[in-house]
Amino acid sequence: MPFRQREPLLWLTVVLLAVTGFWWAGRSREPRPAPGRTVISWYVIISPLRDLYTAEVAAFEKLHPGIEVHIFWVPGTEYNVKLKTLAAAHQLPDLFFSGDVWLSYLLPFSRDLTPLVRRDAAEFGLDDYFPAIRRAMQLDGKDYILPEYLNLSLLYFNRRMFAAAGVPEPTAEWTWDDLVRAGQALTHDGRDGSPPVWGSSRVEGWWGEWLIYVRQAGGKAFSPDGRRCLLDSPAAIAGLRFYLEKSSRYHFSAPAGFEPLNGFVNQRVAMIVGGHVNYWLNYNQTPGLDWDVQLLPAGPGSRSGGELAIAGYSISRESRHPEEAWALAKFLTRPEAIASIVARGSLSVRRSVAEAALRQPGPRANPHNLAAAYRQFEFGEPIPHHPNYVEIMFLVVQPEIDRMLLGELSPAAAGRRAAAAANAFMDTFGSATP
Amino acid sequence: MTHRRAQSLWFWMFAGPAVAGFAAFSLWPMLESLWLSFCQYEVVTPPRFIGLQNYAYLFAHDASFWPSVKVTLVFTVIQLPLAVGAALALALLLNQPVRGRGFWRAVYFLPSILPQAVFAVVFGYIFQADGGLLNRLLALGGLHGAAWTTSPTWALPVLIGISLWGFGYPMVIFLGGLQNVPRELYEAAHIDGAGAWARFRHVTLPLISPVIFFNVVMGVIGALKVFDLAYAFSVAQAQPAPGGPARATLFYGLNLYQQAFGYFHMGLASAMAWLLFVCILLITAVNFRVGRRWVHYGD
Amino acid sequence: MGIDARTMHRRTPAATVCLYATLALGALVMLVPLAWMLLTSLKTYPEILRNPPAWLPASPQWRNYRTVWEGFAYYRFFLNSLFVAVMVIAGTVLTCCPAAYAFAYYEVRHKELIFGALLCTLMLPAQVTVIPLFKAFAALHWVNTYLPLVVPAWLGGNVFGIFLLRQFFRTIPPSFIEAARLDGASEWTILWRLVVPMSLPAVLTVVIFTFLWSWNDLFNPLVYLQSEELCTLPVGLLYFIARAEQLTGGSLGQTPWHLVMTLATIMVLPVVGLFAVFQRYFVEGVAASGVKG
């Protein structure tokens, strides 16, 4: 056969190529350190602070020549599942961005930081944290997160739209009635062909807004021990009713499904109830958006009800370089770092930085009414630390709320169904997650 | 070496990797998955045998199981006849003497080989409630467009519509089958005085019944397994939890993925997976039984 | 034949017009989303927001492609997809051809049973196997590498390919094989030097469908590839939407749909190109699967 000579050569090439291919395919993406250096991997959500973080890491590496930091950037919406998949594959990075919402189910993978916190308390200024923050970083008395960031439910409003409509800006004494009145005055239904403008946005799809109303009406989502769902109480139902009636009765929020995308930024909604401090950075980057914050308006039950959640850094239980990761975590949350984040537009977890921000005169990136934001601390409530909280709220409760917004269920029915389903879930799964 | 031994040797040398692959990547995982479906497995701890509790939970207590079954079934029942019907109709049209048949066939077939994710994204964009192309066009005409992608009433129909763009696949199969029908039979029927419809009913249909059957079976299996479309759609709509408001588009495959990788309920997800598998087997078996009665092979 | 055929096939002009009109309308409907995708990818951001919506861009923004390709470094995703596809195709060809040959020409006890079992895997949904496979791959530390995507292909993972090739191989007269054997050619040589070259259309069809499946695969990369640098195009597209807010450098959360469409177009182009060149193989491959099924 004419090709017999070349045959082995051909197959050898194929084998070599295949081997190379497999080598490339199987290459571990764990960063390989230069000899003598440790590499720690850091998993963080993509945010407008990206450049800040990158600079911080560079500064850290200069201070600690023996450590290399490898950053994994992940989009926010994927972060949750990706982190869990990595955890399931026992490939969690050393340091990862975490929060008290996620802590409950990431607990088995998170290192107990209590000894480290106690050891270095003076160095990184443990007492500098607000007491509420200090409490939020713990679970069952143990520390798991070093906080960098917090979220607080606030009332956001667009000053220009208020001025244009001649409506007085929100005050610290506002109640639901004031919210309704202002909202209605600010709503244009767009009958003249322009896109409709709504007095208030309505956050759909998660508990960010409706839970506020439930609490402010005097109800609760869960019992204090987190084991029973209490959304079927009359107070909770009253809160759900207000959430629905924003559009169905008072008509100052868009009907279900018609919420303008990024309404506040696009100046299609005048107010946000709840919101997220994460967005301050983006609001500040939006030209022409003159925004401010105020305390949440009080409900029939109380003014409390807004969320107080923290986010920060956890170290994975299986990390082989916990000390280095801890060093990085401390570096990223030191007062100077927090101050530079706050300067872009955020709330501070540290008292010293908060006070400095409040004292600062003149125009600043933060909302004008920063004092109100820090006052809201008194009214913020942390998220229950039930291990299945997130799952219950998303998978079991939220669909009933969705149906309520669509008019398929009355608020009473929604509350009852949600509570029944959540309780059934907890009866089955309970604290199955250790 | 005897001839039979040589045959055996060569067979296993050549087919060995494939059979090994089958054992490693199909057979073993299938069995392990069955085992896991009887266990509580939350990833953190090793699987713990709990008998039928996962199944009991799914049927009686899980809030998202039956809705996801419903969504998938509704999707299948509506999408399949439409897709197969459209495929057959187009194939019949193209089976006639038409000019540029290759071109038409290409145009109708092309979307079905493109990734479903792309269609989910593009259509999601077109159908966006606030500012999407469709609603803006409707607004020009003075009509108020619905919240196509965010409303539970419309989201699933929209997805059904999107998936119909992939009818090119069964269409080509139909074309192949139609072209295998001997011309003489049509001639004979025509001579006998049969009109077009009668020809279709008595010549075409029986002879392409195997093809119809094949397309229906494959279509059902494909519809039950839908994942890419649902997942891409939920990402493109930035849904906080996949499945849309009130679980309107929570397909079975999507629910399974969430349970497994979103919430670590791997035992439960395995139970869901096996239920799906059994369903597919049953439907295929039923199809074959029904098929045997009205599918005409040969002559 | 003859007159009767002509009578039967003669269409009225009205029917002809109807036919072509229907076909044209249908074709338009099929292509509208793709056209919209392409046209949107060539617009600027303010243009896509304009009311009333414009069909054509004022001036085609080809630099959108540059932005996505280089600026956001999505060439990496393209190359990743390509790498995976090539590895999968190589593995498929190298293991499915011998397997198909074995099933076609060798007689072994229970051969049909084994083949039947293999065919049954076509009905096995990915959801059934994914959890144990993930568990196993995690234990092997293969998660976050390409191995889970590639290795199954090298172990005859493409049963449809084996099926198709076997059908084709069977059409080769055994006398050819016998003659080659008498000439002293080894089985391996017969397979690769005789049978496969004679079956190039079938092999090409398998290659095309393997490429298609690998290029369009969303599920497996989603589960196994966790690092951004590894991702393939389908996952990359969804990634892009999810993170687009932070990347536009402008206002928050206004998804740059024009760039999303650009990425989608990039993702779709190779498939369209392949289809344009090899349409025949696509169609014949599909038809072969159906007629025999």
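1. Within chain C, residues 24 or more positions apart account for 73% of the contacts that have a separation of 6 or more. The model is a predicted one, and the remarks below should be read with that in mind. Chain C is built with 15 helices and 0 strands, and 48% of its 293 residues count as buried.

2. The domain assignment divides chain C into domain 1, residues 13-61, and domain 2, residues 73-292. The centres of domain 1 and domain 2 of chain C, taken over C-alpha atoms, are 32 Å apart, and the contact between them involves 8 residues of domain 1 and 7 residues of domain 2. On the domain 1 side of this contact, helix H2 (13-41) and helix H3 (45-49) of chain C each supply at least two residues, with H2(C) giving the most, namely 4 residues. By class, that side of domain 1 of chain C comprises 4 nonpolar, 3 polar and 1 charged residues.

3. Chain B has 13 helices and 2 strands, and its C-alpha trace spans about 85 × 75 × 35 Å along the principal axes. Of its 299 residues, 53% count as buried. Where contacts in chain B join residues at least 6 apart in sequence, 69% of them are between residues at least 24 apart.

4. The interface between chains B and C brings 83 residues of chain B into contact with 73 residues of chain C.

5. A related point concerns the nonpolar core. The largest nonpolar core has 321 residues, and those with the most contacts inside it are Val121(B), Met171(B), Ala232(B), Leu165(C) and Ala264(C).

6. In chain A, the domain assignment gives two domains that are each made of two segments, with domain 1 comprising 38-150 + 309-380 and domain 2 comprising 154-304 + 388-429. Their centres, taken over C-alpha atoms, are separated by 28 Å. The contact between them takes 19 residues from domain 1 of chain A and 19 residues from domain 2 of chain A. Helix H4 (100-106), helix H13 (335-345) and helix H15 (370-375) of chain A each supply at least two residues of the domain 1 side, and that side has, by class, 11 nonpolar, 6 polar and 2 charged residues.

7. Helix H10 (residues 234-248) of chain A deserves a separate remark. H10(A) has 15 residues and reaches 20 Å from its first C-alpha to its last, which is close to the 21 Å expected at 1.5 Å a residue. Because 11 of its 15 residues are buried, H10(A) is largely enclosed by the rest of the structure. The buried residues of H10(A) include Ile237(A), Leu240(A), Phe242(A), Tyr243(A) and Leu244(A), and they also include Arg241(A) and Lys246(A), residues that count as charged by class.

8. Asp127(A) is placed in the loop between helix H5 (114-124) and helix H6 (131-136) of chain A. Asp127(A) has 11 other C-beta atoms within 10 Å and is therefore exposed, since a residue counts as exposed when 12 or fewer such atoms lie within that distance. Asp127(A) and His70(A) are 57 residues apart in sequence, and their C-alpha atoms are 30 Å apart in space.

Technical notes:
Residues are numbered from 1 along each chain as its sequence is written. Chains are lettered from A and ligands numbered from 1 in the order in which they are written. This is a predicted model: local features need pLDDT of at least 70, side-chain atom pairs count only at pLDDT 80 or more; totals for chains, interfaces and linings use all residues. Two residues are in contact if their C-beta atoms, placed from the backbone, lie within 7 Å. A residue is buried if 20 or more other C-beta atoms lie within 10 Å of its own, exposed if 12 or fewer, and partly exposed in between; C-beta atoms are placed from the backbone. Domain bounds come from an automatic or database domain assignment. The expected span of a helix is 1.5 Å times one less than its number of residues. A nonpolar core is a set of buried Ala, Val, Leu, Ile, Met, Phe, Trp, Tyr and Cys residues joined through C-beta atoms within 7 Å.
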